[in-house]
Amino acid sequence: MRTDPNIADPDGFYAALVAAHEGLTDAQSAELNARLVFLLANQVGDQRVLLDCVAAAAAPYRKA
């Protein structure tokens, strides 16, 4: 799993992501995020990497 910055234009990506959510309800915004996660996961394709990413994203919310 890569943790080093790897997005050529992170600010542009963030702006596009925020713009994609404009005008959506909370439910639509959550659905957009879920669809995006699955599209990006499909691009990664490697199950081990995907599971490592899920664990890393969830870690701050797990009790020690």
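Reader: What makes the length of H2 agree with that of a helix with 19 residues?

Author: At 1.5 Å a residue, H2 should span 27 Å. The expected span is 1.5 Å times one less than the number of residues, and the end C-alpha atoms of H2 are 27 Å apart, so the two agree. This is a predicted model, in which local features need pLDDT of at least 70 and side-chain atom pairs count only at pLDDT 80 or more, while totals for chains, interfaces and linings use all residues. Residues are numbered from 1 along each chain as its sequence is written, and side-chain values use heavy atoms, leaving out hydrogens and water.

Reader: How does the reach of H1 compare with what is expected?

Author: H1 covers residues 10–21, which is 12 residues. From first C-alpha to last it reaches 17 Å, close to the expected 16 Å.

Reader: Which residues with positive phi follow H1 and H2?

Author: Glycine 23 follows H1, with a phi near 80 degrees. After H2 comes glycine 45, with a phi near 75 degrees.

Reader: Why is the pattern of the chain written α-α-α?

Author: The chain has three helices and zero strands. A helix here is a DSSP run of H or I with at least four residues, a strand a run of E with at least two, numbered from the N terminus. Read along the sequence, this gives α-α-α.

Reader: Why is aspartate 52 called neither buried nor exposed?

Author: Its relative accessible area is 29%. Buried means under 20%, exposed over 50%, and partly exposed in between (1.4 Å probe, protein chains only), so aspartate 52 is partly exposed. Of the 64 residues of the chain, 6% count as buried.

Reader: Where is aspartate 52 in the chain, and how far is it from arginine 2?

Author: Aspartate 52 belongs to helix H3. Aspartate 52 and arginine 2 are 50 residues apart in sequence, and their C-alpha atoms lie 9.9 Å apart in space.
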